[in-house]
Amino acid sequence: MNDVSDLYTRARTWIGKEAGKPTMARDVVNVPMIRRWCEAMGEENPIYVDAEAAQAEGFPGPVSPPAMLEVWTMARYRPGGRLPEEGIPVLNLFDEAGYTGVVATNIEQEYDRYLVEGDRVSYTAIVDDVSEEKRTGLGIGHFITIRYEFTDQNGGPVGRMLFRVLKFKPNLAQAKAPATESAGNEFPHPRPAITHDNAHYWEGIAKRELLIQKCSDCGHLRHPPGPGCPQCQSLEWETVKASGKGTLYSHVTMHHPRLPTFDYPLPVLLVELEEGVRIVANGIDLPASDLTIGMPLELDFVEVEPGYLLPGFRPARTGG
Amino acid sequence: MNALSGKAAITGIGATEFSKNSGRSELRLAVEATLAALADAGIDPEEVDGLSTYTMDNNPEIELFRNIGGRDLKFFSRIHYGGGAACAPIMHAAMAVATGVAEVVVCYRAMNERSQYRFGAGFAPDATPTAEIAHYGYYVPFGLMSPASWVAMSARRYMHEYGVTSEDFGRIAVGFRDFAATNPNAWFYQQPITLEQHQASRWIVEPLHLLDCCQESDGAVAVVVTSAERARKLRQPPVIINAAAQGACDDQQMMTSYYRPDVARLSEMDLVANQLYAMAGLGPDDIQAAILYDHFSPFVLPQIEAFGFAPQGQAADFVREGNIARGGRLPVNTNGGQLGEAYIHGLNGVAEGVRLVRGQSVNQPGDCRNVVVTAGTGVPTSGLILTAG
Ligand SMILES: [Zn+2]
C-alpha cells in the first residue's frame with residue numbers, strides 16, 4: 001500500500017512540469033510526406049497535395065492536414081524502442097513499478113491555423129494530471145494526461161493536444177494489452193462450466209484459495225473434482241487448501257491455434273502439488289526457456305479479467 | 001475359447017477419395033463408402049441389417065440406411081470418444097453377428113473434417129454445465145485447447161522419463177510418409193519427408209512439430225462385417241476378427257490423463273493389448289504388421305510398448321533400428337497412416353489392416369497372418385487383431 005501511494009505521490013510531483021524535452025520537427029512541412037500520410041490514412045482531399053486545388057480554396061499552396069499536427073514532431077522510429085532521453089520520465093516511474101502496460105485512451109487536438117509548406121513545428125509538453133489508481137479491464141493502473149503546445153518557427157501558436165494514456169499492470173503475464181479497452185470484451189477469456197461437483201473449486205479460486213477435494217471417509221485427495229471417492233466410493237467430501245508449493249511435472253508451449261485472449265508462444269504447465277495431486281495452469285514470470293521438469297514452483301493467482309481469477313505458478317523464491 | 005474370437009469377419013472395405021475439400025456432403029461420402037464396401041464384399045445393400053459408427057460422426061444411422069436402400073435395421077450402435085472408438089464398431093458388429101442380432105453390419109466414418117470444420121482449430125466448449133463440458137474447464141482457460149496440446153503434455157513427460165527426443169518422434173513421421181509416398185490413395189503420395197524437414201517444420205505445440213501432427217481430411221471409409229462362415233464363401237479373402245477390445249482405466253480422462261501415477265504410459269492401450277492377446281491366444285511375436293493410431297507421432301511409442309513389441313521406455317530404440325519402417329520386422333501404417341494417407345479418424349487404418357491380411361496393400365510387406373490395429377490414443381480406446389482365415 002505504501003508503495004502504491006508513494007508511486008502516486010511521486011508521479012503527481014510531475015504535474016505542471018515538462019513531460020519531456022521540447023522537440024522540434026525533423027522536417028519542415030512538405031508535400032511528399034503529406035502525400036504518404038494521406039495515402040496511408042485514405043485521405044483524398046486534394047487541397048493537401050495539389051496546388052491548384054488549394055489555391056481554389058484560397059490557400060497559397062498545399063496545406064498540411066490538421067491531424068498531422070503531431071506527426072511532424074514524432075520521434076524517429078527505432079527498432080527496440082525509444083532511447084532513454086526520448087522517453088517521458090513520469091511514465092518511466094510506472095514502468096519501474098511494474099505498470100508496464102500502456103494504452104492511449106484519449107487524444108484531443110485543437111488547431112489555430114493550417115500549416116503550409118516550409119513551416120517547422122515545435123512542441124512543449126506539460127504533465128497535466130495523474131489519476132488515482134483505477135481498476136480497468138486491462139488491469140490496475142493510472143491515467144496520465146499530458147498537454148502539448150505546438151508552435152511554428154516564429155514561436156507563434158499553431159495548435160495544442162491533450163494526450164492521455166493508461167499505464168497498467170497487465171493482468172496475466174502472457175496477456176497482451178488490447179489496442180483499445182473495448183477489445184477485451186470482444187474475445188472473453190474462456191470460462192469453465194460450473195457444476196454442482198466443481199463449484200467449490202472455482203469459488204475457492206475466486207477467493208485466491210486452491211482447494212483440493214478430500215474424501216471425508218478415507219482422506220484420499222483427488223483432482224479434478226468429482227462427486228465420488230475412487231478409493232472408497234464415499235460421496236462425502238471436504239476440501240483442503242493447497243499450500244501452493246509444487247514442482248513442474250510436464251509442460252508444453254502453445255503456438256497454434258491462437259486465441260486472441262492469450263499471448264503466444266504460450267507455456268502451459270502441469271504442476272504436481274506437494275499434496276500429491278496435479279493441476280494444469282499457466283506460468284507467471286516464467287518464459288518457456290526457463291521451464292525445467294522438477295523445478296520448484298509456487299502458487300499465485302492472476303486476474304485475467306476483472307473479477308475472473310485463475311491459478312498460476314511462478315518460480316519458487318530461493319530459500320523458500 | 002473366447003466366445004467372440006473368430007466368430008465374425010470383415011468381408012468388404014470401401015472408401016471415397018481422401019482430400020481437403022470433398023465438395024459434397026458428409027452423408028453422401030458415407031453412402032459412397034458404404035456402397036463401395038458392399039460391392040467389395042459382394043453383398044446387396046438390402047441385406048444390411050446393422051450399422052455402427054462412433055461419436056463425432058454427423059451422419060445419422062437412419063439417414064445412411066435409407067440412402068443405401070436398406071430395409072430392416074435391427075442393430076445400430078454409436079460408440080463414444082471419437083477416434084478412440086475407431087476399432088470399437090468392428091467389435092460391436094462382431095458381437096451383433098456372433099449373437100445373431102444382425103447378419104450384415106456396416107461400420108462407417110465420414111467427415112468433411114478439413115473443409116467444414118477442423119479439430120485442430122482449438123476447442124471452445126459451450127457453457128452447458130455438463131460433466132463433459134466441465135472437464136474442459138481445467139484446460140481451456142489456460143490455453144490448453146487442442147488435441148495436439150493435450151497429447152503434447154504427456155509426450156513431454158515421456159521424453160523426460162526415457163530420454164526421447166523430437167528426432168525420435170520424427171523418425172516415426174518419416175517412416176509413415178515413406179509408405180504414403182508409394183500409396184496412390186494417400187494425400188501425401190509421392191511426397192516423402194526427411195528427418196531434417198521434420199525438425200525444420202514449425203512448432204504447433206512444443207514438443208510437437210507440424211510434421212508430428214496428422215492431417216485434417218475430408219473423406220469416408222466403410223467396413224462390412226458378417227459371420228466368418230459366410231465370409232469364407234464371398235469373393236474376398238476372409239479377414240477374421242480374431243480379437244476385438246475396448247479399454248478405459250487408470251483414472252482415465254479425455255486426452256488429459258495427467259493424474260495417473262505414470263503419465264508416460266497409455267494404460268488404456270495396455271488394457272486393450274492384454275485383452276486382444278488373451279482373446280486371440282497370440283503374443284507380439286505372432287504379429288507381422290500393425291496399424292498404430294497416429295493422430296500425433298509421440299503416442300506411437302507407448303503403443304509399441306503396450307503391445308510388447310519393445311520393452312517399456314525402449315520403443316524409440318525399436319523405431320531407430322528400422323523395425324516399423326519399410327522392410328522392418330513390424331511394418332507400421334503401411335498406408336502412410338493418418339500423417340500420410342488421411343485422417344479419417346482411424347477407420348482408414350482398419351481398412352489397411354484388412355488389406356494387409358488379404359495381401360492387397362500397395363506396400364504389402366509379405367504374408368501378414370496376424371495384424372494389430374489400434375484406435376485413438378490418450379482417450380478411451382479400442383483395438384483389433386485381424387487374422388487370415
Ligand atoms: Zn474415500
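Predicted model: local features only at pLDDT ≥ 70, side-chain atom pairs only at ≥ 80, totals over all residues.

Residues are numbered from 1 along each chain as its sequence is written, and chains are lettered from A and ligands numbered from 1 in the order in which they are written.

**Where the chains touch**

- In this model, 31 residues of chain A are in contact with 33 residues of chain B (two residues are in contact if their C-beta atoms, placed from the backbone, lie within 7 Å).
- On chain A's side, the elements giving two or more residues are β10 (245-254), β11 (266-273) and β12 (278-283); strands are DSSP runs of E with at least two residues, and helices are runs of H or I with at least four, numbered from the N terminus.
- The largest share of that side, 6 residues, comes from β10(A).
- β10(A) is joined by 2 bridges to strand β5 (residues 203-206) of chain B, and the two run antiparallel (strands pair if DSSP finds at least two bridges between them).
- Look for A:Met254, which stands opposite B:Val205 in β5(B).

**The nonpolar cores**

- A nonpolar core is a set of buried Ala, Val, Leu, Ile, Met, Phe, Trp, Tyr and Cys residues joined through C-beta atoms within 7 Å; buried means that 20 or more other C-beta atoms lie within 10 Å of a residue's own, with C-beta atoms placed from the backbone.
- The largest core has 166 residues, and B:Ile90 and B:Val223 have the most contacts inside it.
- Apart from it lies another core, of 34 residues, including A:Trp72 and A:Phe150.
- Leaving aside neighbours within four places in sequence, B:Val223 is in contact with residues including B:Ile10, B:Ile90 and B:Leu347.

**A mostly covered helix**

- Helix α3 (residues 88-98) of chain B has 10 of its 11 residues buried.
- Among the buried residues of α3(B) are B:Pro89, B:Ile90 and B:His92.
- Just after α3(B), B:Gly100 takes a positive phi of about 80°.

**A buried residue in chain A**

- A:Ile146 is found in strand β5 (residues 140-151) of chain A.
- Why does A:Ile146 count as buried? A:Ile146 counts as buried because it has 21 C-beta neighbours inside 10 Å.
- A:Ile146 and A:Val127 are 19 residues apart along the chain, yet their C-alpha atoms are separated by 4.5 Å.
- Beyond neighbours within four places in sequence, A:Ile146 is in contact with residues including A:Ala19, A:Val127 and A:Phe163.

Technical notes
Buried ≥ 20, exposed ≤ 12 C-beta atoms within 10 Å, placed from the backbone.
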